[in-house]
Amino acid sequence: MHRCLQIPEVLIEICEYLAVIKMKSSTKPAARSRKATAALAAFARTCKTTQNPALDVLWADLDCFVRLIQCLPRDLWEVQEAPTITRYSGSLQRPVIFQRSMTLSDWTVFNKYAHRVRSLAGMVEDRSYIAVKITISSEVLLVFSSPPASPLLPNLSSVAQDNPSSPQPGL
């Protein structure tokens, strides 16, 4: 690897550039495109030198809390098959539920990414292209309300609620 890529500030600039790659059809400047997310993820996997700066930028602005749950082992969680209709907005929702209790190794995986989150845009993954929202069950929210060690998202500085007229339980 070239010596200039060992300078942390240069790596951060490269990662921030990758984060703003837009899809040609995207009109939302705030939303990171799938192309940008894929580029950052690939850059993080390139080598140990690029891993931390790329992961820091990739996880800094999180669009929904569900993303953190999706990093946990697949045998821990699942998305409920049958969608339910919410009483607030009448939209279809499929909640994330836990299949077992979280272990310390699960919390280690969660914390690997959680400390990188600086802003959270909401709790719900909005899949408007299929008219279903992936939500978080009350039981799962209860687990995250009392983490075993440090604060849940220790570097979080801003939160935006998905839809103030239809609050997520526990928020």
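Strand 2, residues 77-79, pairs with strand 4 in the antiparallel sense, over three bridges. That is our way in. One caution before going on: this is a predicted model.

Stay with that pair for a moment. Take V79. Which residue is the bridge partner of V79 in strand 4? The partner is V96.

Strand 4 is joined to strand 3 as well. Strand 3 covers residues 84-85. Two bridges link strand 3 to strand 4, and the two run antiparallel. Here I85 stands opposite L92 of strand 4.

Let me step back to the whole chain. The protein chain has 171 residues, and 36% of them count as buried. How many helices and strands does the chain have? Six helices and eight strands. Follow the elements from the N terminus and you read α-α-α-β-α-β-β-β-α-β-β-β-α-β.

Contacts next. Take those in the protein chain between residues at least 6 apart in sequence. Of these, 66% join residues at least 24 apart.

Look at strand 1 in detail. Two bridges join strand 1 to strand 5, residues 119-120, and the two run parallel. Within this pairing, L62 stands opposite L120 in strand 5.

On to helix 3. Helix 3 runs over residues 48-60, and D56 lies in it.

What does the side chain of D56 contact? The side chain of R116, in a polar contact at 2.5 Å. In sequence, D56 and R116 are 60 residues apart. In space, they are 5.4 Å apart, C-alpha to C-alpha.

T50 also has its place in helix 3. T50 has a relative accessible area of 3%. Buried means under 20%, so T50 is buried.

Where does the side chain of T50 reach? To the backbone oxygen of F43, at 2.7 Å. Leave out residues up to four places away in sequence, and T50 touches L11, F43 and A44.

Last stop: empty space. Rolling a probe the size of a water molecule over the atoms shows where empty space is left. How many cavities of 30 Å³ or more does a search of the whole structure find? One. The largest cavity has a volume of about 30 Å³.

Which residues line the largest cavity? W107, F110 and N111 are among them. The lining also includes P147, P148, A149, S150, P151 and L152. By type, the lining residues divide into seven nonpolar and two polar, with no charged residue.

D56 in helix 3 makes a side-chain polar contact with R116. And the lining of the largest cavity has no charged residues.

Key:
Residues are numbered from 1 along each chain as its sequence is written. This is a predicted model: local features need pLDDT of at least 70, side-chain atom pairs count only at pLDDT 80 or more; totals for chains, interfaces and linings use all residues. Side-chain values use heavy atoms; hydrogens and water are left out. On a 1 Å grid over the protein atoms alone, a cavity is a set of points where a 1.4 Å probe fits but cannot get out, and a pocket is an open set with protein on both sides within 12 Å along at least five of seven lines; lining residues have an atom within 4 Å of a point. Grid points are joined across faces, edges and corners, and a volume is the space filled by probe spheres set on the points. Ala, Val, Leu, Ile, Met, Phe, Trp, Tyr, Cys and Pro count as nonpolar, Asp, Glu, Lys and Arg as charged, and the others, Gly among them, as polar. Two strands pair if DSSP finds at least two bridges between them. Helices (H or I, at least four residues) and strands (E, at least two) are DSSP runs, numbered from the N terminus. A polar contact is a pair of N or O atoms within 3.5 Å; within protein, one must be able to donate a hydrogen and the other to accept it, and residues adjacent in sequence count only if both atoms are side-chain atoms. Buried means under 20% relative accessible area, exposed over 50%, partly exposed in between (1.4 Å probe, protein chains only). Contact means heavy atoms within 4.5 Å.
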